[in-house]
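Dear colleague,

My notes on it follow directly after.

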Amino acid sequence: MASISPASKPGTAISLRGVRKHFGALHAVDGVDLDIPQGEIFGLIGHNGAGKSTLFKMMLGLLTPTSGSILVAGTPVGGRNFRAARRQLGYLPENVVLYDNLDGLETLHFFARLKGSPLAECSAMLDKVGLAHAGKRPVREYSKGMRQRLGFAQALLGRPRVLFLDEPTNGLDPQAIRDFYTTLRDLQQQGVTIIITSHILAELQERVDRLAILVSGKVEALGSVHELREHTGLPLVVEIDLAPEDCHEALHALHVATGVKPSQTASGLQLQCPRERKMAVFAALAPLGTRVQDLRLHEPSLEDMFFGISA
Ligand SMILES: Nc1ncnc2c1ncn2[C@@H]1O[C@H](COP(=O)(O)OP(=O)(O)OP(=O)(O)O)[C@@H](O)[C@H]1O
């Protein structure tokens, strides 16, 4: 590993410098620099094979980087003190391996022993993920969502300070997803740092503080959803409902005000307008007064930005 050492700024939970992982000619992770403050919910997104799980495994000390250095919870990953520091980490892998013959509670006891965390907290953890009623049932009888909840419960054992969650909502129903994010927010309030991957971008959009878009092992964009919107410069989509006889006047006013010609739709007009011209849209429509029947503004979604950046 190269000798560059990340600066351990106070309040930084994770720090990566020049991190690379090569599998032969394949550069799975290709020079990642990243700082994640303590208590942040951080999203990591990217296409299949972008390098997300590989990056996770390196941060957890399960894979050795080809080069670069990583600090997690103030400790160099792979260094002498990392074994002890690992107790402060929780990990839900993409495909959690469970033993079908154990019941839910036995499963947590098994993981608690591996982690050296108290067995006494296992029942409460089952309750936290909504599995208290299923603690005595063998895992082979669990549904996909129940297995995923059990995987989440094992990640929470030992009250970790940093949580790595690889596609944690796979197989969860909408209520379970909502409950899951409520738990994450509670943990965040307690100062826990959470790194999460998901392919369901609409789900992450409102729930992460910042995120990184990984493309072929490189961070192509980093920031809050708001910052990524500024960075990508994708247009706002404005839909305006108007009577057919008012469309010509509105179309002309909007074209002059924004420099973009709206298109006609069944219910009026649609305009793809630069975000900085948003207020000009309102000003242009003001003379039409109540003849504007409805107006809808659509900010670019995380999915729009993802395709814009990773295409
Ligand atoms: N042990 C390994 N040996 C060889 N190649 C590997 C190994 N692990 C991962 N890779 C390759 O590294 C690249 C990144 O894989 P990784 O699992 O990190 O992607 P990912 O972003 O997590 O993808 P997904 O969204 O599908 O889970 C892929 O091309 C993968 O085939």
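Y91 has F164 in strand 7 as its bridge partner. The model is a predicted one, and this pair belongs to the parallel pairing of strand 6 with strand 7 (residues 162–166), which runs over four bridges. Helix 5 (residues 144–156) packs on the sheet here and touches both strand 6 and strand 7. The direction of helix 5 makes about 165° with that of strand 6.

The sheet itself is open and is formed by six strands in the order 6-7-8-3-9-10, with mixed pairing. Its edges are strand 6 (89–92) and strand 10 (218–223), each of which pairs on one side only. From one strand to the next, the twist averages 15°.

I turn next to the ligand. The residues around the ligand are F23, L26, A28, G46, N48, G49, A50, G51, K52, S53, T54 and E94. Helix 1 gives the most, with three residues.

Finally, the domains. The domain assignment of the protein gives domain 1, covering 12–223, and domain 2, covering 234–310. Their centres, taken over C-alpha atoms, are separated by 41 Å. Ten residues from domain 1 and six residues from domain 2 take part in the contact. On the side of domain 1 that touches domain 2, helix 7 (201–205), strand 9 (210–215) and strand 10 each supply at least two residues. Helix 7 gives the most to that side, with four residues. The residues on this side of domain 1 divide into seven nonpolar, two polar and one charged.

With kind regards

Definitions and conventions
Residues are numbered from 1 along each chain as its sequence is written. This is a predicted model: local features need pLDDT of at least 70, side-chain atom pairs count only at pLDDT 80 or more; totals for chains, interfaces and linings use all residues. A residue is near a molecule or strand if its C-beta atom, placed from the backbone, lies within 6 Å of it. Two strands pair if DSSP finds at least two bridges between them. Axes are lines fitted to C-alpha atoms, for helices over the stretch in contact, and angles run from 0 to 180 degrees between N-to-C directions. Two residues are in contact if their C-beta atoms, placed from the backbone, lie within 7 Å. Domain bounds come from an automatic or database domain assignment. Ala, Val, Leu, Ile, Met, Phe, Trp, Tyr, Cys and Pro count as nonpolar, Asp, Glu, Lys and Arg as charged, and the others, Gly among them, as polar.
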